[in-house]
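Please look at the sequence and the structure first.

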Amino acid sequence: MPVSPLADRVVQLAYDPGISPREGGLPGLSVLKNVVNSINLFGIIAVVGALAVSLAVWAWGHHTGGHQAEANGKKGATVAAGAALGLGAANAIVAFFSNLGSQVH
């Protein structure tokens, strides 16, 4: 019985090329890690500043009766908190999904 072209294509898609992440394959990996760590640190410092400004706007809007300023301060504080959560959890998030992806067969 001849194999249909569709079945042949499915077999090609299921082929495992045998590629997996491996440390030490290229030079400069430690430099790249340092750059990414520094970018993460700058992001966290920026979030601290954004949170401080947002909280100040929230307090100013509340005490002056500026409802729009108060709402914008709340929104900024929420976004800054979410950004801090994302920056702090970046390694864990990437590791989780990388681990999950490596389990797909």
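At roughly what angle do the axes of helix 2 and helix 3 cross? The axes of helix 2 (residues 29-64) and helix 3 (residues 67-88) cross at roughly 160° and come within 7 Å. Axes are lines fitted to C-alpha atoms, for helices over the stretch in contact, with angles from 0 to 180 degrees between N-to-C directions. Helices are DSSP runs (H or I, at least four residues), numbered from the N terminus. Helix 2 and helix 3 are therefore roughly antiparallel (angles over 145 degrees). The residues of their contact comprise 14 nonpolar, 7 polar and 2 charged; nonpolar means Ala, Val, Leu, Ile, Met, Phe, Trp, Tyr, Cys or Pro, charged means Asp, Glu, Lys or Arg, and polar means the others, Gly among them.

The model is predicted: local features need pLDDT of at least 70, side-chain atom pairs count only at pLDDT 80 or more, and totals for chains, interfaces and linings use all residues. Residues are numbered from 1 along each chain as its sequence is written, and side-chain values use heavy atoms, leaving out hydrogens and water. The mean pLDDT (the predictor's confidence in each residue, from 0 to 100) is lowest in helix 1 (residues 5-13), at 62, and highest in helix 3, at 97.

The structure holds 2 salt bridges (a side-chain nitrogen of Lys or Arg within 4 Å of a carboxyl oxygen of Asp or Glu).

| Salt bridge | Closest N and O atoms |
|---|---|
| Lys 33 with Glu 23 | 3.2 Å |
| Lys 74 with Glu 70 | 3.9 Å |

Lys 33 lies in helix 2 and Glu 23 in the loop between helix 1 and helix 2, so their pair ties together parts 10 residues apart in sequence. Lys 74 and Glu 70 both lie in helix 3, 4 residues apart.

Notes
Helices (H or I, at least four residues) and strands (E, at least two) are DSSP runs, numbered from the N terminus. Angles under 35 degrees count as roughly parallel, over 145 as roughly antiparallel, 65 to 115 as roughly perpendicular and the rest as oblique.
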